[in-house]
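Let's take a walk through this one together. Have a look at the model first, and then we'll go through a few of its helices.

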Amino acid sequence: MMSANQLTLSGAFNISLEMNIFQVQQGDETLRNSIIESYQPFIKKVVSKVCNRFIDQTMDEFSVGLVAFNEAINQYQKGQGSKFLTFADMVIRRRIIDFIRKESRQMRHIYLDQTKPSDENTMEESFIEQQAAIDHFEEQRRINERMEQIESYQLLLLEYGITFDVLSKHCPKHADARENAKVSAKRLVERKELVSYLKKKKQLPIKDLLQFVSCSRKTIERNRKYIIALSLIYIGGFSALKSYIEPELETV
């Protein structure tokens, strides 16, 4: 059984971290503990980056990160298009963002429940300060919600072998082509049988989709990854991203 130090050097012996993860999933709990111990600096780095401040092992955020890393070990699958640490990074970020959102809501209730002072001027100043704090937490909540949706969307894309880098390369250059792709995605998600095919096969149902659009097969095939990505925004219910996919003119 490898120690934590040996795990850190596993690449030198051509033993990938992914292989170790799959071994853990087969029930090797000793190896699980060794991996978690070895990658605590990685966990702390990711958590600190999300929180935008230094996080040490004594903080609640670090504990959330540990749990998320263990969750990533359990959920990682072969052929999902990313290395384990990339996947773990995203899982940790999602859990930390969720934790921050909950903390922000609690802080909002604290401000609302505070006793108002008796002095009128002090009361007015206190109200303004409290309202500013509430507005700040609401804005932070919206930011965190968008971040969480982006992280979730990124994970969903990976199931289809699409990364943000790949998506940027497959984005149509012309505005009319992008609009046609938006409409194609909307037509797809309006039909349960097409959505079912996409989810099951992880492929675009081009033949069936052509019945509902006027684009050529060549056009659909050329932009298939982009259309899949747009469709997944609808399917995943990512409301914060829908402004990017609503077509201006449905001319397809």
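Predicted model: local features only at pLDDT ≥ 70, side-chain atom pairs only at ≥ 80, totals over all residues.

Residues are numbered from 1 along each chain as its sequence is written, and side-chain values use heavy atoms, with hydrogens and water left out.

Two packed helices are described by the angle between their axes and the distance between the axes. Helices here are DSSP runs (H or I, at least four residues), numbered from the N terminus, and axes are lines fitted to C-alpha atoms over the stretch in contact, with angles running from 0 to 180 degrees between N-to-C directions. On the helix 2 side, the contact (heavy atoms within 4.5 Å) involves Ile21, Val24 and Gln25, and helix 5 brings Ile73, Asn74 and Gln75.

Now find Phe84, which belongs to helix 6 (residues 84-113). Is Phe84 buried or exposed? Phe84 is buried, with a relative accessible area of 0%; buried means under 20% and exposed over 50%, with partly exposed in between (1.4 Å probe, protein chains only). Setting aside neighbours within four places in sequence, Phe84 is in contact with Leu17, Glu18, Ile21, Phe69, Ala72, Ile73 and Tyr76. Leu17 is 67 residues away along the chain, yet the C-alpha atoms of Phe84 and Leu17 are separated by 7.3 Å.

Next up is helix 10 (residues 192-201), where Leu194, Val195 and Leu198 are buried. They cover an arc of only 100° around the axis, so they sit on the same side of helix 10; the arc is that of the directions from the helix axis to the C-beta atoms. Over on the other side, Lys192 and Lys200 are exposed. The cover over the buried residues of helix 10 includes helix 9 (175-189), helix 11 (206-209) and helix 13.

That leads us to helix 13 itself. Nine of its twelve residues are buried, so helix 13 is largely enclosed by the rest of the structure. Among those buried residues are Tyr226, Leu230 and Tyr234. Following helix 13 comes Gly237, with a positive phi near 65°.

Technical notes:
Helix = DSSP H or I, 4+ residues; strand = E, 2+ residues; numbered from the N terminus.
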